[in-house]
Amino acid sequence: MEKRVDKADEVLHDKQTPSHYVGIGASAGGLEALEIFFKEMPPRNNLAFIVIQHLSPDYKSMMVELLAKHTEMPIYRAEEGTFVEKDSVYLIPPKKNLTIFHGKLLLSDQDPSKGINLPIDIFFRSLAEDQADKAIGIILSGTGSDGTRGIRSIKENGGMVMVQDENSAKFDGMPRSAISTGITDYILPPGVIPSQLLSFIKHPYASKTEFAKSIFTNEDNLNRIFAALREKHKVDFTYYKPSTVVRRIERRMSVNQIHELEDYVKYLQSYGHEVSSLYRELLIGVTNFFRDPEVFKALKEKWLPELFQREGRREIRLWVAGCSTGEEAYTLAIICQECMEELGKNFDVKIFATDVDGDAIQQAGIGAYPESIAADVSPSQLSKYFSKQSDGHFYISRSIREMVVFAKHNIIKDPPFTNINLVSCRNLLIYLQPVLQKKVMEWFNFSLRSQGILLLGSSESTGDMIDYFESLDHKGKIFRSKGKRHQAAATMGLVSSFAPKSKKMFMPSERREHSLHMYEEEVLLDRILKTLSQNYFSCGFVVSEHLDLLHVLGKADAYLKFPSGKVNNDISKLVIKEISIPLATGIQRVFNINENVHYSNISLVLGKEKKTVNLKIGPLLGKRSQAPMAIVLIEELQSVENKQDPDWTSYDIDKESEQRIQDLEQELQSTRENLQATIEELETSNEELQATNEELLASNEELQSTNEELQSVNEELYTVNAEFQRKISELTELNNDIDNLLSSSHLATLFLDESLKVRKFTPQLSKIFKIIMNDIGRPYDHLTHNMTKINFKELVQQVHSTTKGLDQEVLLENGDWYLLRILPYFTDPRSYSGIVLTFIDITTRKSAEEKIRFQANLIKSVDQAIIATDLDGGILFWNQFAEKLYQWTEKEVIGKNILQITVPQATEDQAQEILSQLNQKKSWHGTFRVQRKDKTSFLVEVKDAPILNEDQELVGIVGITNEIESVQHS
C-alpha cells in the first residue's frame, strides 16, 4: 500500500513538473523589477520561478505579500525538500542558501566566517548541474557581481541567460557584470523579458521536439556556417564534436527565433555580429579559480614539490592550453609560489597561457576579476595575491602576473611550446572529435620533458596515447610523460598548418573535405601563382609586412632552422645566418618602395657543400583589400661562373653588412638617447609615486575591509527599505482612505495620544473647539470649547484611567446638541495608545424628540382613552386616561393584543363593518361593551381611525373611547 502511494505521488509530481526552471537573481533595486516582471508574466506558463535575493538576516521579509499583488501564481517561501512545481514562485528565506537537486529545493545555513556570501551564484550553479538545458538564469537590478559565475555554469550546461538592461536598472552592478562576460542571450527591460522568455521556450529546440536531425543532414548549410566562422575568426570547427556544435547552433537559432537552418545561414550572412555571437557560443570558457580543489591540493602537496626537486634547474616552464580568461593559469601561479615558499627555494617559473579566443586572452592579461571570486579563493590568498580597486574588481598582484605569459594560440594548427615541465588542458578535449584529440595529445607528448606532468579534465583521458603517459592520479586525471617520442610528432613541420589525414569529419563528405581545408589556401595560392607565372625557383617563402613567415614553397629545409623554446615566426630569425641580413634588408625595401629587389651571387655553406644562390624579393600580387605580403624566392646556381643578369645586384656581403650595421647603430644610438631621457624622468616620478603609493596601500587595505562590510550591509538595508517603502505606500493610501471617510461622514473627531495631547482632528471639530493645525501636540485641556453644563476634563480623565468608553449628550452655547462618544484607542487588544472623541450632531433628533414629547403630553392630558394598535391588534400606544378607564398601566399592555385586554363584545356585523371602513381608509363610529381589568364590563362609544404610512398604506388603528354606562358584574 505504501508503494502505491509513493507511485501515485510520483505520477502527480510528473504532471506538475515545469518545462524549464527559471532562477531570478536580484539585489538592491530588484523589488521594482520583480514586480514589473511578474505583472507581465501570465499565470499559466508551464514554468517554475525561484527568486534569489540578498536578504537581511535581521528583518522579516515581506516579499511574499508584496509580490502576491502582482501575480496570480502561488508564492511560497522555500522549505527543505520542497518539490518545485510549474506555475509557481519560490522565494529564498533570510539567512539561508538555496540549492536544487533532482527538482527538490535544499536549504543550508549561511556561514559568515567564509567571507562574502553569494547566494545567486550558489543557486545558479546547482541549477545548471541539476537541470542542464532546462535551466534559465535571469539577472535583475543589484550591486556587486553576484550571479556572474552562475550564468557561466548555466551556459556551459546548455541553459539560457537573460539580463536586465543597464539603463532600466536602479543599480546596474550585477547586470553590467553579467553583460561583460559576453555570454548573455538577451539584454532587455524587465517588462519585456516575460514575452521573450515565453517565445524562447516555444521554439522547437527548447520544447525538445525533433530538431537536431535536420541540422545534421543539412551538409551544405553547415559548410557555409563553418566557412563564415573561419573567414572571420580564423578557426575551423569542422572537427569539433557534432553534438556540441549542433547544440550551440540550435541555441542561437532559438535565441533569434529562427526555425530553419537555411534561414539562419542567411541571417549570418546579413548580420556579421551573429557570426561573432555563434563563435563565442562555441568557445564558452567556463572556468574559475581552484576549480576542482582536490586536484590543485594534490599538485601543491605532492607533484609540484617533486617536480621542483627533480628538475633542480632555475627555469620551470608550464603551459595552460585553453586558458580562457586566465583563472586556471593564475591558480597554477599561486600554488607554484606557495610551493616555492614552503620549499624555501626560488625558481624562475614561466607559465605560458594560451587560447584561441583573443578577447578572453585580452581579459586574462588585464587580470581583473569580479568580487564573486571570493567564493573560490581563500581570504588569506585573496588578501595576499589580489588587490581590490575602486571599480569593485579584484586585480591580480604584480608578482603573480609576471609569472604568466598570455598569447593567442590555436592548439589545433599552431606549433606547440617545447621543454615544458607541466601541461594543463582541462575540459577542452571533450569538445573535439577523436582525430583531433589524438593530434593534441601528440602535441602535448612532444612538448613535455621526460617525466613532465599532464593535467586533464575530469571527463578526459589520454586515449590512444596511453602508452606514452603514466597515470599518477586516476581520479584527478594527473599523468606523467614517459619520455617516448611519437613518430608523427617528431617529424612534423613546425610551421605547416595542421591538416588531418582522416576523412572522418563532422559529416563524412569528400566535398566538405575539399571546401573546408582548401578554402583559405586557394586565395593565397592564387596570389602566389600569379606572381610565379613567369619565373621558376627551387624554393621560396611568403612573409607578412611584420616579417612573419606565412607559407613555405618547395623544399626549404636547408635554409630554415628552428631554435628551441617558444616558436618565433620572424623570417629573419628562422633562416640561416648567411642570408638573414640580405633577406631582412630586401623585405623592408620591398614594403617601402613596393618594387622587386634582386640579390645575386650570395655565397653560403650548406653542410659541407658550398653553394651560390640568387634572391628575388617582391610584393605578392593581390587585391587592395587584402593584407600586404611579400614573396622571397631562392634560386640555387649550378656554377659560380654563371653569367649574372644585368638587372640583378651582385650582393657584397661585407659591404652590405657594414652598411646595415651602420644603419642599425645609428638607430640604436638614437633609441638609447631617448630611452635614457625617459628613464631619468621615470626615476624622478617613480620616487615621488613610491612614497605616495605606500601610503595609499595602507589606507586602501583598511578601506577595503570597511567597504566590503558596508556594501553587504547596504544591500541588505536597501532590500529592507524597499519593502518598507511599499508598506509606507500602503499605509499612506489607507490613511487617505480614513481621512476621506471621516470627512465624508461629517463627524467631528478628536484623536488624543497616550499623553492626552492632540494627535489629529477633523475639520468639523472647529464647530465645538477653537482649534487649528498648530494645536497638534498640545495638551487637550489647553483647548477652549463652547459646550455647556459638562465637566469635559473629568469625562476624558475617566476614560483615560478606566479605558472604558462612555456616551453623553452635550449642549453647545448656540443651542446645537451633540452626542459625545469617548472611546479608548487600542493598537492591538492589549496596547492602549490614547483616546478618540467623536461628536455626532443630534440637533435635529433633539428637536424631533421635543416635538414628540410635547404632542405626547398633549395627548396624555385629554379626558378620553386613546389607544393605537397595529393591524394584528398589538397595542402601540395607551394614554393615561386609558389607564384610568381600563385599570391597566401602559407598561402592562404595550405589545399585548387589544382583544385580550379590553375584551370587546362587538357583534359580528359590527366587526365586519369596522374592517370594511378601515380598509377603505375611512373612520368608524359606534358603541359596544368592553371589560376592565377587574372583569367589570361597561358600554363605550368608540371612534376608530386608520393609521397610514408615507405610501398611504394602512399600518395600524387608533381608537378614541368614551364611557357611556358602567355595569357591575361578577
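I note here that the model is predicted.

**The sheet.** I then looked up the strands around this pair. Strand 6 and strand 7 (residues 104-109) are antiparallel and pair over six bridges. They belong to an open sheet of three strands, in the order 4-7-6, with antiparallel pairing. I asked which strands sit at the edges. They are strand 4 (82-83) and strand 6 (96-101), and each pairs on one side only. Next I checked what lies over these strands. Helix 4 (residues 119-131) lies across strand 6 and strand 7, and the helix runs at about 5° to strand 6.

**The whole chain.** I stepped back to the totals. The secondary structure comes to 30 helices and 37 strands. Of the 970 residues in the chain, 45% are buried. I also looked up the contacts with a separation of 6 or more, and 64% of them join residues 24 or more positions apart. The chain exposes about 50800 Å², and 50% of this is supplied by carbon and sulfur atoms.

I went on to the buried nonpolar side chains. In soluble globular proteins, nonpolar side chains tend to be buried together. The largest nonpolar core here has 47 residues, and Leu299, Val349 and Phe386 have the most contacts inside it. Which helix gives the most to this core? I found that helix 14 (residues 327-343) does, with nine residues. A second core is separate and has 45 residues, including Leu222, Phe226, Ile249 and Leu283.

I picked out Phe386 and set aside its neighbours within four places in sequence. Among the residues in contact with Phe386 are Phe289, Ile334, Tyr369 and Ile373. The list also includes Val377, Phe394, Tyr395 and Ile396, as well as Gln381 and Ser397.

**Glu913.** My last entry concerns a residue in helix 30 (residues 908-919), namely Glu913. Is Glu913 buried, partly exposed or exposed? Its relative accessibility is 43%, so Glu913 counts as partly exposed; the class lies between under 20% for buried and over 50% for exposed. I then looked for a partner. The side chain of Glu913 makes a polar contact with the side chain of Trp924, at 3.5 Å. Glu913 and Trp924 are eleven residues apart along the chain, and their C-alpha atoms are separated by 8.0 Å.

Conventions
Residues are numbered from 1 along each chain as its sequence is written. This is a predicted model: local features need pLDDT of at least 70, side-chain atom pairs count only at pLDDT 80 or more; totals for chains, interfaces and linings use all residues. Side-chain values use heavy atoms; hydrogens and water are left out. A nonpolar core is a set of buried Ala, Val, Leu, Ile, Met, Phe, Trp, Tyr and Cys residues joined through side-chain atoms within 4.5 Å. Buried means under 20% relative accessible area, exposed over 50%, partly exposed in between (1.4 Å probe, protein chains only). Helices (H or I, at least four residues) and strands (E, at least two) are DSSP runs, numbered from the N terminus. Contact means heavy atoms within 4.5 Å. Two strands pair if DSSP finds at least two bridges between them. Axes are lines fitted to C-alpha atoms, for helices over the stretch in contact, and angles run from 0 to 180 degrees between N-to-C directions. Accessible areas come from the Shrake-Rupley method with a 1.4 Å probe; for residues, only the protein chains shown count as cover. A polar contact is a pair of N or O atoms within 3.5 Å; within protein, one must be able to donate a hydrogen and the other to accept it, and residues adjacent in sequence count only if both atoms are side-chain atoms.
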